[in-house]
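Please keep the sequence and the 3D view open as you go.

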Amino acid sequence: MIFEGLSDKLQGALGKLKSKGKLTEKDVKDAMREVKLALLEADVNFKVVKDFIKKVQERCVGQEVMTSLTPAQHVIKIVNEELTALMGDVQSKVMISSKPPTIIMMVGLQGAGKTTTSGKIGNYFKKQGKRPLLVACDVYRPAAIKQLQVVGEKLDIPVFNMGDKENPVNIAKAGLSHALKNNNDLVIIDTAGRLHIDETLMDELKSIKSEIKPHEILLVVDSMTGQDAVNVAESFDNALGLDGVVLTKLDGDTRGGAALSIRAVTQKPIKFIGMGEKLDDLEPFYPDRMASRILGMGDVLSLIEKAQDAMDLEKAKELESKIRKQDFDFEDMLAQFEQIENMGPLDKILGMMPGMGNLKNQLGNVDLNGKEMKRTKAIIQSMTLEERRKPELLNASRKRRIAKGSGTSVQDINRLIKQLNEMKKMMKMFMGNQKGMKKRGALGGLPFFK
């Protein structure tokens, strides 16, 4: 789970307040001391932490909180609001020009994931009906152009390049001309990075900016570098004037120092977050949703959006029909697993559910990495189509063949058959209950049960 270390400590500190009835000023100060330590350990900028604690404490010791019937809930609400404010209050979107093409200039140091992120952003806008063009202006890093071409090919997004001998400024200008001729309404310029910030790098970026006049300059930084990411953001902003930040590798960041510091230090919004290695693992950044996730309140809106993107409505209707007829088979089970996988790793999904973020700690050895699901998929995929649709055909010899093909045992297959039968029983009971409730008028207004 993202920011797992910080999230656990903050929830622990604030959870102690819930066990108390009325709160004293000392109770609040003790909790805030723990919150302060948690933020500092998460590599959040010291000044940011100091200002944050001061604001929260001033609000928490007010008359409204101290005399409330649920003071602990009030404190958590205040911390949530201040965390949201710290990260920018509301979502900040990329500015789309009224006169195409919109030009986005990607900048950053080597290793932050700039080239891949350029493709991800192109893909994000392509899904919204845009016609993006990727322009390869990194002529220094070996295979940088080839990497962008591979990304573009996978996403079916055109890539403009002039090789690694041409001046990057000329490539950017030629790329823009190419976009105008070919009706590309979004141009993403992938610029060169360095291992460190130097004058040569900044001069080149300033020249590109001067020539193509981008509508947005987005800095790509590795969230796991914490305070270093903030320092890099300050340097690029002072030299170029940033419009926003893209935080990569957020799915592996247990601390959260960069996400909680960048906006407060640079006053530049986080516009996107990279949540994995896949080319669609990019999400718009919502400060309020992130604050809720950090405090274990979940992120239901993002979960719903993921489900809508991952789920096939036609397949869902077909499944509903099969459930009603008690005709659920291994083919349907496989389809459900694949749709769940499209939503992302199970621990990420649970992190979006209120109160479920620390389920792994509570249940210990529960499988949140999807190993069991992959194992089950291997068994089903080793069956013939007829066997998936008619599980009653699975005799001893067929089970041995499937076990050999999936690298499992006959006992595993027997267990899976038992699970399928139990699922069918549960679905039968569920549908029976719904019919009874519908007769009584309950749930009758919901479209699923009409």
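A pocket, on a 1 Å grid over the protein atoms alone, is an open set of points where a 1.4 Å probe fits, with protein on both sides within 12 Å along at least five of seven lines; lining residues have an atom within 4 Å of a point. This is a predicted model, in which local features need pLDDT of at least 70 and side-chain atom pairs count only at pLDDT 80 or more, while totals for chains, interfaces and linings use all residues. Residues are numbered from 1 along each chain as its sequence is written, and side-chain values use heavy atoms, with hydrogens and water left out.

**Confidence**
- The chain has a mean pLDDT of 82, with 79% of its residues at 70 or more; pLDDT is the predictor's confidence in each residue, from 0 to 100.
- Residues 359–366 stay under 50 in pLDDT, and the model gives them 6 contacts beyond four places in sequence (contact means heavy atoms within 4.5 Å).
- Residues 437–450 are also below 50, with 15 contacts beyond near neighbours in sequence.

**The second largest pocket**
- Its volume is about 340 Å³, taken as the space filled by probe spheres set on grid points that are joined across faces, edges and corners.
- Of the 14 lining residues, Phe337, Glu372, Thr376, Leu416 and Gln419 lie nearest the centre of the second largest pocket.
- Helices H15 (330–342), H18 (371–381) and H21 (410–439) each supply at least two residues of this lining; helices (H or I, at least four residues) and strands (E, at least two) are DSSP runs, numbered from the N terminus.
- The lining has 7 nonpolar, 3 polar and 4 charged residues, where Ala, Val, Leu, Ile, Met, Phe, Trp, Tyr, Cys and Pro count as nonpolar, Asp, Glu, Lys and Arg as charged, and the others, Gly among them, as polar.

**The sheet**
- Eight strands form an open sheet with mixed pairing, in the order E3-E2-E4-E1-E5-E6-E7-E8; two strands pair if DSSP finds at least two bridges between them.
- Strands E3 (159–160) and E8 (282–284) stand at the edges with a single partner strand each, so one side of each has no neighbour in the sheet.
- E7 (residues 270–274) pairs with E8 in the antiparallel sense over 3 bridges, and Ile273 has Glu283 in E8 as its bridge partner.
- Helix H11 (residues 257–266) packs on the sheet, touching E5 (216–222), E6 (244–248) and E7, and its direction makes about 175° with that of E6 (axes are lines fitted to C-alpha atoms, for helices over the stretch in contact, and angles run from 0 to 180 degrees between N-to-C directions).

**Backbone details**
- The peptide bond from Pro100 to Pro101 is cis, with omega near 0°, and Pro101 is found in the loop between H5 (71–86) and E1.
- Asp89, in the loop between H5 and E1, has a positive phi of about 65° although it is not a glycine.
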